[in-house]
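Me: New model on the screen. Walk me through the helix packing, then the pocket.

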Amino acid sequence: MVFVITQATVDKQILEFIKEILGFGKVIPQSAITSRYVTQNKKEIDMIISLFNGNIVLPKRQETFDKYVKGFNK
């Protein structure tokens, strides 16, 4: 299981900030114009799920999150 946030490389500092605040993960280039924050550690993903749980406002994003959590729990 992988948790990924993709952002334009010009805004890579946002991904670096997320990494700094959480204290884990990696920021890597995906292409010339995009970068990614990535973690594959199960404990770290569990922490991210706990942060998002109950804090998502948009119904479509909640639906996507629910699918992700179901996949994580398998």
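**Helices and pocket**

Reply: α2 passes α3 in a left-handed crossing (near helix turned anticlockwise from the far one by less than a right angle). The model is predicted: local features need pLDDT of at least 70, side-chain atom pairs 80 or more, while totals for chains, interfaces and linings use all residues. Numbering starts at 1 along each chain, and side-chain values use heavy atoms, without hydrogens or water.

Me: At what angle do the axes of α2 and α3 cross?
Reply: Roughly 150°, and the axes come within 12 Å. That makes α2 roughly antiparallel to α3 (over 145 degrees).

Me: Which residues make the contact?
Reply: From α2, Lys42, Ile45, Asp46, Ile49 and Phe52; from α3, Phe65, Tyr68, Val69 and Phe72. Contact is heavy atoms within 4.5 Å. By class, seven are nonpolar, none polar and two charged.

Me: Switching topic. How much space lies in the largest pocket?
Reply: About 250 Å³. A pocket is an open set of 1 Å grid points where a 1.4 Å probe fits, with protein on both sides within 12 Å along at least five of seven lines; lining residues have an atom within 4 Å of a point.

Me: Which elements supply at least two residues of the lining?
Reply: β1 (3-8), α2 (42-52) and α3 (59-73). α3 gives the largest share, four residues.

Me: Which residues line the pocket?
Reply: Phe3, Val4, Ile5, Ile48, Ile49, Phe52, Ile56, Arg61, Thr64, Phe65 and Tyr68. Nine are nonpolar, one polar and one charged.

Definitions and conventions. Points joined across faces, edges and corners; volume = space filled by probe spheres on them. Nonpolar A, V, L, I, M, F, W, Y, C, P; charged D, E, K, R; others polar. Axes fitted to C-alpha atoms, helices over the stretch in contact; angles between N-to-C directions. Parallel < 35°, antiparallel > 145°, perpendicular 65-115°, else oblique.
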